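Q: Show me how to read a few local features in a model. Take them one at a time.

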Amino acid sequence: MSPSAASRPSVLFVCVHNAGRSQMAAAFLTHLAGDRIEVRSAGSAPADAVNPAVVEAMKEVGIDISAETPKILTVEAVQASDVVITMGCGDTCPVFPGKRYLDWQLDDPAGQGVDAVRPIRDAIETRVRALVAEMAPS
């Protein structure tokens, strides 16, 4: 691993199914920060696939997440991350000393159409932009 890769801050986004909110947040962070921040996402009970309405809502803003798959939350993923951002996973997220935890209260897009997903997407983008400005100012 190169020294620059080792010094990059890392963020883990966690929601229950890793099919909506955390996928959108990870995609926005990757899109906005490029390789300045390492990005992970996971779910405490991952779904079989990313929510199609979420894929559609992200496509509207020019980000394709159709190839993403929900991933299980592991202790290793939390330990390897500097910042852990939870989105409605409650007490199922492991907590480790020395990590920064943020809890973003956002509606769950599960079972909702693209019209309901858009405001959630936009709220996530706003929060991710603020995170990038704080963690990896250009």
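A: Start with Ser 41, which lies in strand β2, residues 38–43. Strands (E, at least two residues) and helices (H or I, at least four) are DSSP runs, numbered from the N terminus. This is a predicted model: local features need pLDDT of at least 70, side-chain atom pairs count only at pLDDT 80 or more, and totals for chains, interfaces and linings use all residues. Residues are numbered from 1 along each chain as its sequence is written, and side-chain values use heavy atoms, with hydrogens and water left out.

Q: Is Ser 41 buried or exposed?

A: Buried means under 20% relative accessible area, exposed over 50%, partly exposed in between (1.4 Å probe, protein chains only). Ser 41 has 8% relative accessibility, so it counts as buried.

Q: Which residues is Ser 41 in contact with, leaving aside its neighbours within four places in sequence?

A: Contact means heavy atoms within 4.5 Å. On that basis Ser 41 touches Leu 12, Phe 13, Asn 18, Ser 22, Gln 23, Ala 26 and Lys 71.

Q: What joins the side chains of Ser 41 and Asn 18?

A: A polar contact of 3.1 Å. The term means a pair of N or O atoms within 3.5 Å; within protein, one must be able to donate a hydrogen and the other to accept it, and residues adjacent in sequence count only if both atoms are side-chain atoms.

Q: Where does Asn 18 lie?

A: In the loop between β1 (10–15) and α2. Asn 18 has a positive phi of about 50 degrees, although it is not a glycine. Asn 18 is also buried, at a relative accessible area of 0%.

Q: At what angle do α2 and α5 pack?

A: Axes are lines fitted to C-alpha atoms, for helices over the stretch in contact, and angles run from 0 to 180 degrees between N-to-C directions. Helix α2 (residues 21–33) and helix α5 (residues 114–135) pack at about 45 degrees, with axes 9 Å apart. That makes α2 oblique to α5. Under 35 degrees is roughly parallel, over 145 roughly antiparallel, 65 to 115 roughly perpendicular, and the rest oblique.

Q: Which residues make the contact?

A: From α2, they include Met 24, Phe 28 and Leu 32. From α5, they include Ile 120, Ile 124 and Val 128. An α-helix has 3.6 residues a turn, so residues three or four places apart point the same way.

Q: What does α3 pack against with its buried residues?

A: Against α2 and α5. The buried residues of α3 (residues 52–60) are Ala 53, Val 54, Val 55, Ala 57 and Met 58.
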